[in-house]
Amino acid sequence: MAPRPQEDATQKSNYGSVATTGDSYDEEEQQLLPTPLVVQRQEEEQARQTRKMTGLFLLGILVLAGVTVWGVSHANRPSSGSSMILMDDDSSSTTTTATTDRSSRYSTSGQGISLFVSSPDQDLGLQGTHREEDATPSAIWGDKAQQGPLPTNDWYLNLVSHRAASRPDESTRAYSTPYIVDTAADANMMGIRLHWPVVKASSINVQMVDDFKNAVTLGTLDLAAPVADNDSSSAGPAYQVDPDYPYSNLGVSLKWGDDDAYMKTSIVRGMPFATMKYASGVLPSLFSFNAPASKPVVDGGKSKMECGVLSGPDKEGRTISHGTTTTVQKELSLHFVNSDFTWMLFFSDPVQVECGVTEADDIHVAEFQLNVKSVKGDDEPLLVRLALADQCTTGHSNIHEHCEERNAMDDSDGYVDLLRKYTQYATNPKVSMVYPQEDDEEQTAFVSFDWSPALDDDDSSDDDVARIDVAEDEIETEESQNMMMFALPHQQDKLKDDKDVEITDYCIHSFHGKTCLVIGKKWNLSQDLSQPQSFTARRPPMASAIPLLAKALATDIQKKIPANLQIGAADTYFSGKFLAKIARTIMVAEELKQLAKGGDAVKALGYENVTAADLEESVSAAANANLPSDEAVEKAVNGLKQAVQVWMEDGDAMYVYDKSWGGLVNCGCNYTAKDSTGHCSNSYPNCPALFSVNEDFGNGYYNDHHFHYGYHVYAAAAVAKLDPTWGKAHFEEILLYIRDFANPAEDDPFFINFRQKDWWLGSSWASGIVSAENSPHGRDQESSSESIAAYEGMALYGQVMSEIFRSNGGSEEQKNAAQLIQNAGELLTVTEVEAADRYWHVWDSDSHNSTYPLAYSKLTVGMMYDTMASFATWFSQNDVVSYGIQLMPFTAVAERRDDKEWAKLLYPVYKDSCEDAGDFCIDNGWSIVQAGLCATAGFQTEALEQAFAVPPKVFLSDGGMGNSLSNTIWYIATRS
């Protein structure tokens with residue numbers, strides 16, 4: 001999640017601030033005034049330069065020293081700047097214009113639905129633009145950059161960043177599970193470097209740690225490194241994204257060389273070994289900073305290699321002298337000093353190899369290289385597989401955790417036998433979804449990982465799944481052609497009843513828990529969708545709270561939408577948050593008005609977890625309450641309509657279509673005033689958000705799109721439900737939001753499929769293209785709850801529009817599109833909820849196991865990275881923020897999101913942390929979150945007292961966690 005403002009004026013941070021005390025807060029007008037942009041940017045630039053020079057260096061030093069590290073920022077992590085939601089005074093508003101047979105299920109990728117192929121600029125009127133400088137795709141994308149939308153938030157983006165293109169290093173890495181892979185090959189060699197990390201934990205940090213000298217480089221010396229032109233400072237990338245393969249959420253394929261002579265690899269989630277393919281005379285080399293602890297073992301012990309002397313590197317590279325050339329039929333076993341690792345190297349054809357070790361008085365500082373001199377075989381490409389067979393061979397690893405983890409695998413010899421047996425590797429794994437039909441008895445969806453999509457498709461390339469040929473004297477069995485991949489714990493749970501896969505006992509400890517080898521070409525991961533998203537909770541507000549709720553609604557429904565929001569002059573995050581807050585107020589009012597009617601109107605609300613007596617009491621209380629009039633609700637809806645649609649039409653801070661990446665980004669706003677009467681002084685092409693990641697939370701750099709746009713979609717869903725005509729008129733415009741952050745259509749030529757989602761983990765990534773340049777830990781996301789809320793909004797929008805098109809004469813195409821949005825939104829929401837419970841909510845019980853080591857003592861994770869979980873946030877060091885950011889906003893899905901047992905553990909800790917933070921907790925709305933958590937834990941009376949103790953101005957601010965008083969009371973009153 002991008003950093004939120006440091007909203008305590010007495011604690012102004014390098015991220016900028018929204019002042020809530022002192023000169024910048026006008027008590028009479030109750031307005032939040034933005035920090036002057038010039039001051040803000042000076043602070044941001046100073047902080048950015050400081051972090052750039054020190055942050056990552058210190059992080060690496062401290063981690064390798066075993067010191068707890070947290071709160072270290074990316075070099076260019078965006079600042080929020082000032083919020084531009086400027087609150088007017090508290091005056092009344094004026095009118096402003098499943099079955100077991102999956103083949104019978106609903107399965108679609110959006111094909112044939114023209115709504116998913118409409119051009120944002122040519123068909124829908126957005127300004128199109130191309131990006132410049134650091135916002136462009138790197139040269140590694142090659143021809144792919146001209147062939148359609150590109151991934152901006154996928155787990156492997158560090159491997160294809162500008163940094164990787166110019167100076168690959170330890171930061172240009174990706175965690176495939178279980179390997180960390182980077183492209184910082186040894187000097188004079190091109191290729192990949194494989195690391196086997198271990199989990200280290202402290203009370204506030206869990207991290208994958210490795211010593212880069214324990215890694216092994218697999219590559220070649222035969223392909224020359226790019227040479228810079230005389231007038232160019234850059235030599236260009238050593239490799240490119242392989243143009244032969246489409247994108248996959250599960251991996252990326254890289255290629256060195258050209259079509260005649262090349263080396264290529266596929267880096268895929270769960271791969272038990274790395275595979276490199278060599279063609280047209282390009283020969284493999286392997287390098288390690290560790291020397292062999294013993295002679296390399298050939299073909300399971302048939303002979304051992306005699307290594308010569310390794311010299312260099314110099315201008316000619318490294319050379320080997322006085323060694324002997326050895327024939328290897330199938331495999332080599334390499335055991336190294338220092339790391340105590342044993343690696344297996346497998347060849348698809350017999351090869352002649354030589355090895356060398358540098359001369360040194362101490363073997364522990366010597367280095368090793370192995371070169372393939374020739375290949376005995378036909379002209380087919382040579383396939384080489386590299387796998388770690390044992391991470392603590394003799395018990396003397398230089399990182400002791402390797403030996404602790406090694407003991408988790410009882411049979412390392414059996415593991416090596418599996419590596420020999422299952423030789424196929426995936427180059428183009430496919431993720432697909434199968435959704436239930438409306439009349440299915442079981443509402444179960446499936447997320448499928450097809451590791452070998454070409455096996456049953458005669459028209460597909462044989463390279464989609466490649467295998468290493470078995471020897472001529474062996475029988476090629478179905479078993480030998482199967483796939484073997486590592487699976488995470490939640491995947492194993494969902495596969496345990498699948499007869500088409502075998503979960504083995506060969507397991508390792510990864511960052512995400514006990515990770516085991518699974519044999520099978522296709523995984524079908526089931527998801528229960530039997531409880532669709534709703535604007536209402538599972539039960540009505542309790543009767544005793546309804547008079548209080550009605551009183552709060554009488555005020556909140558009259559709240560005036562700030563003038564700058566009515567013209568779209570704000571940032572995309574806080575504007576969306578404010579609009580969703582208004583939407584929640586309206587939907588709570590509608591719920592109570594419908595509840596007051598009784599009878600069928602109550603049945604339509606869909607309550608399912610309430611006794612008849614309690615329901616009758618709530619109906620009676622609503623009927624006797626002084627609820628907002630129909631006119632008041634209509635006035636609020638009309639105001640919300642304008643504020644929602646202005647962003648997609650002629651808002652001051654206009655959206656543009658990014659042709660370089662394929663995405664919906666905002667131009668940004670240079671705001672002109674200190675109150676809500678201002679406007680944006682800039683217009684396209686003067687777009688600050690497209691040239692600085694410190695604008696608009698990095699929206700122009702694809703940070704947090706699901707957070708920003710999810711709030712807007714939720715507001716649109718509420719408006720469409722209450723005004724179907726408006727919903728039909730603006731369907732394609734709102735669809736642009738969804739196509740950007742959660743596009744369910746595979747063949748959309750303008751937006752990437754499921755931009756934020758990591759289907760392997762089940763969670764999403766918030767950080768965009770700049771994070772790929774600066775974070776050695778890969779992708780990150782702060783707020784799991786805002787991610788859930790984004791997909792909840794999508795599901796509700798699809799649900800509302802499906803109902804509208806079915807009952808108000810929509811076309812078949814519109815019906816199909818809306819149904820797909822609802823189905824995908826439900827699936828995204830459910831998987832995100834489960835992932836939050838696995839990776840962000842930290843607790844143990846009879847029914848829930850913590851993912852992390854016991855040393856991590858916090859009950860939540862503040863920031864989740866690909867290889868690190870940290871109790872911290874980008875914008876505050878107060879503990880209450882790391883807790884609270886996982887608990888907002890207050891919507892219906894929160895009941896599934898927050899387990900009651902976990903909430904009972906968290907509540908007293910949260911309360912203490914709020915007290916420790918003092919005025920910061922109260923002034924910035926974190927005490928509102930405390931009230932909601934208190935209710936979830938089962939203390940509703942106390943929670944109501946806390947809600948009414950919150951200063952009214954906090955609910956008016958953007959720091960109020962997107963909650964009105966009425967929605968807070970609703971949330972408290974509907975907890976079980």
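Predicted model: local features only at pLDDT ≥ 70, side-chain atom pairs only at ≥ 80, totals over all residues.
Let's start on the inside. In soluble globular proteins, nonpolar side chains tend to be buried together. Here the largest nonpolar core takes in 269 residues. If you want landmarks within that core, look for F449, W451, W523, Y852 and W926, the residues with the most contacts inside it. Helix α8, running over residues 572-597, is the top contributor, giving 13 residues to this core. The core also draws on two domains: at least three residues come from each of domain 1 (148-227 + 234-391) and domain 2 (545-620 + 631-974).

Now for the cysteines. How many disulfides does the count come to? It comes to six. With the bonded cysteines numbered in sequence order, they pair as 1-2, 3-4, 5-6, 7-10, 8-9 and 11-12.

Take C307 and C355, whose sulfurs sit 1.9 Å apart in a disulfide. This pair links distant parts of the chain, 48 residues apart: C307 is in the loop between β16 (303-304) and β17 (308-314), while C355 is in strand β22 (residues 351-357). Are the two ends buried or exposed? C307 has 27% relative accessibility, so it counts as partly exposed, but C355 is at 1% and therefore counts as buried. The torsion about their S-S bond is about -100 degrees, which means the disulfide is left-handed.

C669 and C680 make another disulfide, with 2.0 Å between the sulfur atoms. Both cysteines lie in the loop between β34 (663-666) and α12 (688-691), so this bond ties together parts that are 11 residues apart in sequence. C669 and C680 are both buried. Their S-S torsion is about -105 degrees, so this disulfide is left-handed.

Further along, C914 and C921 are joined too, their sulfur atoms 1.9 Å apart. Each of these two cysteines is buried. With a torsion of about -100 degrees about the S-S bond, the C914 to C921 disulfide is left-handed.

Technical notes. Residues numbered from 1 in each chain as written. Heavy atoms only, no water. Core = buried A, V, L, I, M, F, W, Y, C linked by side-chain atoms within 4.5 Å. Buried < 20%, exposed > 50% of the residue type's maximum accessible area, 1.4 Å probe, protein only. Helix = DSSP H or I, 4+ residues; strand = E, 2+ residues; numbered from the N terminus. Domains from an automatic or database assignment. Disulfide = S-S within 2.5 Å.
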